[in-house]
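Please open the structure in a viewer and keep the selection panel at hand.

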Amino acid sequence: MKKLLSVILASAVLCGCQQTPQNVKDKGHYENSGIAVSKEMISPSQLEESSQQALEENYNQIKLENIKLALPEQVEKLSFGQVSGFEESYKSVFDSVFGKGGWDAAKVAKKTSDEPEDMTTYTFSDENKQLYGCVGDNGLIAFVKPDSFADPFAAQSQTEKIIHVDRGEGTDEQYELIDGKVSVSEAKQYAEKWLNDYYRQYEPDYDFCVKTIIVRKTQNAHCYEITAQKKYKGTSLDELAMISMPDDPKHIKYSVSKITMTMHRKNEISSFTNGCGIIKPIKKGSENELLSLKSALKLCQDKFTAYNELKINAIGLKYTIEPVYEKDDKYDHAHRGRLFGSRLVWEFVMDVPHEQKLQNGQTDTFGDIRKYIYVDAQTGEIEFDFDGIIQ
């Protein structure tokens, strides 16, 4: 059971390393420290008009093509708090995903530990029925049904295509699942309906939107690996980055908040995890002004002078999720009672072409690789990861 849970968590949160991008002239000069661009602050009411105008500008080495903007309905100051004691909800969770009588309560074991950073869970595993479920005190929910039991998130299957459905890609394409053809748009619609019907009760503050669908080739058919993101009043929570703090690799600067599931049959979710559990937004006020998109792009233009070209594929405003550490606290994604700070950032995403996703003869099993830049929407501070492989 521990091995299966480890696979589930690793599938939900994956990081790695990649070679220096070819269009960097000198890795030692990734960034220009002498930025002189003035920062333009605008009111939230100016956001849409100002952002559209920004996309019509030219930015030297920055290339913008067919950009889909993701802008919020309103701008707020937030922090987040993680739930605790959620493991006691295991019966209702298992009933909802396996059906009453579909699982054996006698096979449920409570995991306890003397270590305060460890998570208390109820797990259910039946090798004969090929079912697995886990509910943790921090709100972790994970389950696997027979079609996914041997390979919960199709990591051992061939990646055929990565489809960014949030940008309108490939929605009419159809693939043969175990019980018939299902289009990408049908998979998206069913996944979002399932999240609203079954999962929303646990995180009622958010809307859930399918972001990416990876098409996998299994032994006898195809399956869809589906990534969904949480949105708070139209603004996405960070589902992309999970990086260590440079001065302390045991600490994580950003965490992630995304949902991963697979679909092997029509109208059925065959595996699911919410990764880092359930977090609740804590409103701390409203933002009266924020950095304009034009200024954010000008800052990047001035900072990344070492690049011949930065091709931006997606732009949006996003809430970061930043673990708050106590003294001598060691990072554990399952740590109970954890608080998260948050900042509103402009996010610039650069997709890596599929043929560049392999290195050193390794097999690309997880599919989606991106590079990103974050620009703080208040201070203009820039953070970036051009080496990381982020799912």
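Which residues of helix α3 (residues 90–98) are buried? In this predicted model, the buried residues of α3 are Tyr90, Val93, Phe94, Val97 and Phe98. Viewed down the axis of α3, these buried residues fall within an arc of 105°, so they line one face of the helix. Next, display what covers them: the covering elements include β5 (121–126), β6 (131–136), β7 (141–144) and α4 (184–199). Then move to Gly99, which follows α3 and has a positive phi, near 85°.

**The open sheet**

Select β18, β3, β22 and β21, which form an open sheet of 4 strands in the order β18-β3-β22-β21, with antiparallel pairing. The edge strands are β18 (279–286) and β21 (322–323), each of which pairs on one side only. Focus on β21: 2 bridges join this strand to β22 (residues 339–341), and the two run antiparallel. Here Glu322 stands opposite Gly341 in β22.

**A hairpin**

Now select strands β9 (residues 174–177) and β10 (residues 180–183), which pair in the antiparallel sense over 4 bridges. The two strands form a hairpin, with 2 residues between them. Within this pairing, Glu176 has Lys181 of β10 as its bridge partner.

**Salt bridges**

Turn to the charged side chains, among which 18 salt bridges are counted. Begin with Lys233 and Glu76, whose side chains meet in a salt bridge at 2.9 Å, N to O. Lys233 lies in the loop between β12 (222–232) and β13 (235–237), and Glu76 in strand β3 (residues 76–82), so the pair ties together parts that are 157 residues apart in sequence. Lys233 is partly exposed, with a relative accessible area of 31%, whereas Glu76 is buried, at 1%.

Select Glu192 and Lys188 next; their side chains form a salt bridge at 3.2 Å, N to O. These residues are 4 apart in helix α4, and are therefore separated by about one helical turn. Glu192 counts as buried at 16% relative accessibility, and Lys188 as partly exposed at 22%.

Finally, select Glu239 and Lys211, which form a salt bridge whose closest N and O atoms are 3.5 Å apart. Because Glu239 lies in the loop between β13 and β14 (244–245) and Lys211 in strand β11 (residues 207–217), the pair ties together parts that are 28 residues apart in sequence. Both Glu239 and Lys211 are buried.

Technical notes: Residues numbered from 1 in each chain as written. Predicted model: local features only at pLDDT ≥ 70, side-chain atom pairs only at ≥ 80, totals over all residues. Heavy atoms only, no water. Buried < 20%, exposed > 50% of the residue type's maximum accessible area, 1.4 Å probe, protein only. Arc of directions from axis to C-beta. Contact = heavy atoms within 4.5 Å. Pairing = 2+ DSSP bridges. Salt bridge = Lys/Arg side-chain N within 4 Å of Asp/Glu carboxyl O.
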